[in-house]
Amino acid sequence: MKLLVPVKRVIDSNVKARVKPDQTGVDLANVKMAMNPFCEIAVEEAVRLKEKGVATEVVLVSIGPQQAQETIRTGLAMGGDRGILIVSDTDPEPLAVAKLLKAVVDEEKPDLVLMGKQAIDGDNNAVGQMLSALLDWPQATFASKVEISGGKAAVIREVDGGLQTVEVQLPAVITADLRLNEPRYASLPNIMKAKKKEIAMKTVADYGVDVAPRLKVLKVAEPAKRSAGVKLETAADLVGKLKNEAGVI
Amino acid sequence: MAVLVVADNDNAHLRDSTNKTVTAALAVSSDVDVLVMGQGAKAVADAAAKIEGVRKVLLAESADLGHAVAEAQAATVVGLMGGYDAVLVPATAGGKNFAPRVAAKLDVAIISDVLAIVSADTFTRPIYAGNALETVQSSDAKKVLTVRATAFKAAGEGGSASVESASAGADAAKTKFVSEEMVKSDRPELTAAKIVVSGGRAMGSAEEFHKVIEPLADKLGAAVGASRAAVDAGYAPNDYQVGQTGKVVAPELYIAIGISGAIQHLAGMKDSKVIVAINKDADAPIFQVADYGLVADYKNAVPELMDALTAIGK
Ligand SMILES: Cc1cc2nc3c(=O)[nH]c(=O)nc-3n(C[C@H](O)[C@H](O)[C@H](O)COP(=O)(O)OP(=O)(O)OC[C@H]3O[C@@H](n4cnc5c(N)ncnc54)[C@H](O)[C@@H]3O)c2cc1C
Ligand SMILES: Nc1ncnc2c1ncn2[C@@H]1O[C@H](COP(=O)(O)O)[C@@H](O)[C@H]1O
């Protein structure tokens, strides 16, 4: 069984994004970048499926700048087999990403696409659902447990009121939630080994899909700032403030 | 140009996020219809018909819709979109599960978590855990939006729209609902509550979380939330998670107990009207957004707070 894992290079989750003064976007110059945390979880799940003998090959794919090679290398060091980088100087919208991924799926014919539920830069939470729709494959989003057997995946999903279990027929698209697993740190020998693994370099043009943006970004602004309030001495002071000053209790 | 709002419901109850999404929709068009998808959900449709400003309610029912299977939900919405220029879906986990499918099937962009309707084609949404607000203009013929309900006031009651049935999209052949395990609670729903009491990693165990956070919440008539760390450690169920990748809340009062205030947590609560932090570390980032802070061990502070509330008759 072959797994395809789309991974995105994003701002490191410990870094607070800063808006550019001219309000055209977020300043990413000299900012630490990393693999999107949800993609890391997806890679970990894929590698575990390989270790369990359920999967035979784990292919990583990223759409992004040249530097996204590092992101793919990270996944290869975790245990991925090979990578595909579709170089793009712009950050394509979810629909365009889904179309490119569909083209990759048509070529690679994986049995399962395992991906993150959300990229922490655009916070769209959309590509997995869109890819599933374009492929007409079933989807199981926000997975906190995945079990594969008999050409099916049983998936426990994090839903609004609790947990839901669904069964999807493979091939399918599964998106990872936070509690699916805890991604490993790659060991030094595996990092060295990953350097020799293949990354196929492609361009968006190679796939002939329409990636023209549908949205024009008019402005990227900073949200209203909250200022720190007061520190109080006692719980009684707090109750007094909440009742008499804020009027919220 | 008419717009469609998809109701947030559990087959029995209409959730308040629907009323808030109707308010967003009315900023796009005065012709707003509400689609209720579910099974045995007539009561939900009747409730939706009472929302002020709603033109008509469509009720689509099937087994898959009753279990909120995304493939069936998306097919139902897509089937109706010939008559609408936009569809607005509350940005819950359930809404986010199917709205992007609708967009992909219509070959249009998805605009997630809309916070403000600037005009019929221009919307503001948060990116980077809410550290930036992006205003985008859509060139698509049809718009598909998920709406962050906390950013809009709820449309009132008093409407009397008609309820019509609509055809449900085909059941999903390749996806089977197996079971669900819902958290039972008599407390208010987290995203709609006026007061939220949240606990973090400091609780140290599920027992402590129950013992400390829940009585305080009950005293205040509050909903209970949690940080990711508390959920990951099993102190609280997953659907309590507040944050960038959990639920977004904006109550009148948010009380964070033993929560440090990571970027991802702040993303889910910093639009609350009043924020209280109880943390023993005076340098915890949560104090940078808190209106009132107690630098204290919660083990002392929470019992004292309970007593002080009792003293004022709570
Ligand atoms: C991709 C991604 C998504 C994420 N999404 C979310 C999300 O949606 N929501 C979320 O919350 N987090 C999220 N996180 C995690 C986030 O980064 C933090 O790790 C998390 O919020 C920390 O939880 P905490 O504040 O409970 O724990 P900690 O950061 O460990 O803080 C515990 C706090 O308790 C205080 N404390 C300890 N003992 C006591 C005591 N006795 N009395 C009083 N105070 C005490 C400490 O001083 C400390 O400030 C996400 C992270 C990633 C990478
Ligand atoms: N540029 C990209 N390259 C590869 N995968 C992506 C890209 N953008 C999004 N994805 C995948 O889609 C998931 C959800 O992203 P999003 O819908 O943008 O929040 C991510 O976790 C990735 O698995």
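Which residue has a polar backbone atom 2.7 Å from an oxygen atom of ligand 2? In this predicted model, that residue is Ala119(A).

On its own, ligand 2 has 480 Å² of accessible area, of which the protein covers 98%. Strand S4 (57-64) and strand S6 (112-116) of chain A are the elements that contribute two or more residues to the shell; S4(A) gives the most, with 3 residues. The shell holds 18 residues, and those that come nearest are Pro6(A), Ile63(A), Ala119(A), Ala126(A) and Val127(A). By class, 10 residues of this shell are nonpolar, 6 polar and 2 charged.

**Surroundings of ligand 1**

Ligand 1 is located between chains A and B. It is surrounded by 28 residues, with Arg201(B), Ser227(B), Gln241(B), Ser260(B) and Gln264(B) the closest.

| Residue | Distance to an oxygen atom of ligand 1 |
|---|---|
| Arg228(B), polar backbone atom | 2.9 Å |
| Gln244(B), backbone N or O atom | 3.3 Å |
| Gly258(B), backbone N or O atom | 3.1 Å |

The protein buries 84% of the 990 Å² that ligand 1 exposes when taken alone. Helix H1 (37-51) of chain A, together with helix H7 (228-232) and helix H8 (263-266) of chain B, are the elements giving two or more residues to this shell. The shell around ligand 1 comprises 13 polar, 10 nonpolar and 5 charged residues.

Methods
Residues numbered from 1 in each chain as written. Chains lettered and ligands numbered in written order. Predicted model: local features only at pLDDT ≥ 70, side-chain atom pairs only at ≥ 80, totals over all residues. Heavy atoms only, no water. Near = heavy atom within 4 Å. Polar contact = N/O pair within 3.5 Å; in protein donor to acceptor, adjacent residues only side chain to side chain. Areas by Shrake-Rupley, 256 points an atom, 1.4 Å probe, with all protein chains shown as cover. Helix = DSSP H or I, 4+ residues; strand = E, 2+ residues; numbered from the N terminus. Nonpolar A, V, L, I, M, F, W, Y, C, P; charged D, E, K, R; others polar.
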